[in-house]
Amino acid sequence: MKNSKNICRSVFLVAVLSTFLSSCITIIDQGPRGNDGKVYYGIDYDYSPPYSYWDNNSNIPNNPYFGEMYRTERGTYDFEYFINPYEYWYGTYRLYKNNGEPGGNYGEPGASGADTHFLMICNENGFYSEEWEECNCYKTAEADGSITITGENPSTGKFEIKMKKATVNERAPIGTPKYKQVD
């Protein structure tokens with residue numbers, strides 16, 4: 001009799017605990033991730049256009065329009081732009097993509113990532129940003145004469161440029177220009 005009471009209590013206790021613990025489980029129907037932001041890139045200048053421009057970004061057409069943004073992909077690309085027939089800047093630019101946010105509870109979709117817009121201003125003294133304070137841009141100079149510029153702005157996105165000035169006697173250019181001034 002005592003054993004059957006203990007067994008009944010044990011079964012009752014297991015049933016109560018199982019019911020209690022299962023009531024604590026919450027099933028969340030997480031919504032889909034938001035869309036990733038798009039990436040755009042373009043070239044421009046302030047006072048005089050570059051003598052020529054080249055990059056290995058296949059999304060930038062031959063004879064690109066200055067100030068025009070072209071849809072591209074995130075990644076690191078090589079570039080060269082001549083300021084005259086003998087002097088030029090070369091290096092890499094890196095474009096980032098803003099990922100969409102995770103979905104929310106109860107099927108709510110996540111927020112889309114912001115689009116990235118980067119306009120390389122090809123000036124004689126190298127790249128600069130029109131909005132240094134707003135873009136949180138940082139410029140560092142290396143002993144070999146190269147410079148690195150990183151920036152991040154909520155409205156334009158994140159970018160990185162590594163560049164160095166050279167002459168055709170110091171370094172042979174590697175690309176066929178996508179844009180060249182007509183002589």
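User: How do the side chains of Asp-55 and Lys-178 meet?

Analyst: They meet in a salt bridge, with N and O 2.7 Å apart. The term means that a side-chain nitrogen of Lys or Arg lies within 4 Å of a carboxyl oxygen of Asp or Glu. Before we go on, please note that this is a predicted model, where local features need pLDDT of at least 70 and side-chain atom pairs count only at pLDDT 80 or more, while totals for chains, interfaces and linings use all residues. Residues are numbered from 1 along each chain as its sequence is written, and side-chain values use heavy atoms, leaving out hydrogens and water.

User: Where do Asp-55 and Lys-178 lie in the chain?

Analyst: Helices (H or I, at least four residues) and strands (E, at least two) are DSSP runs, numbered from the N terminus. Asp-55 sits in strand β2 (residues 52–55) and Lys-178 in the loop between β9 (157–167) and β10 (179–180), so this pair ties together parts 123 residues apart in sequence.

User: Are Asp-55 and Lys-178 buried or exposed?

Analyst: Relative accessible area decides: under 20% is buried, over 50% is exposed, and in between is partly exposed (1.4 Å probe, protein chains only). Both Asp-55 and Lys-178 are buried.

User: How many salt bridges does the rule give?

Analyst: The count comes to 4. Another of them joins Lys-97 and Asp-36, at 3.2 Å from N to O. Lys-97 belongs to the loop between β5 (87–95) and β6 (116–121), and Asp-36 to the loop between α1 (2–23) and β1 (39–44), so parts 61 residues apart in sequence are tied together. Lys-97 is partly exposed at 27% relative accessibility, and Asp-36 is partly exposed at 36%.

User: Which residue forms a salt bridge with Lys-165?

Analyst: That is Glu-87, whose closest N and O atoms with Lys-165 are 3.9 Å apart. Here strand β5, holding Glu-87, is linked to strand β9, holding Lys-165, across 78 residues. Glu-87 has a relative accessible area of 29%, which makes it partly exposed, and Lys-165 is partly exposed too, at 33%.

User: What pattern does the chain follow along the sequence?

Analyst: The order is α-β-β-β-β-β-β-α-β-β-β-β, made of 2 helices and 10 strands.

User: What share of the chain's residues is buried?

Analyst: Of the 183 residues, 33% are buried. Among contacts with a separation of 6 or more, 66% come from residues 24 or more positions apart.

Notes: Contact = heavy atoms within 4.5 Å.
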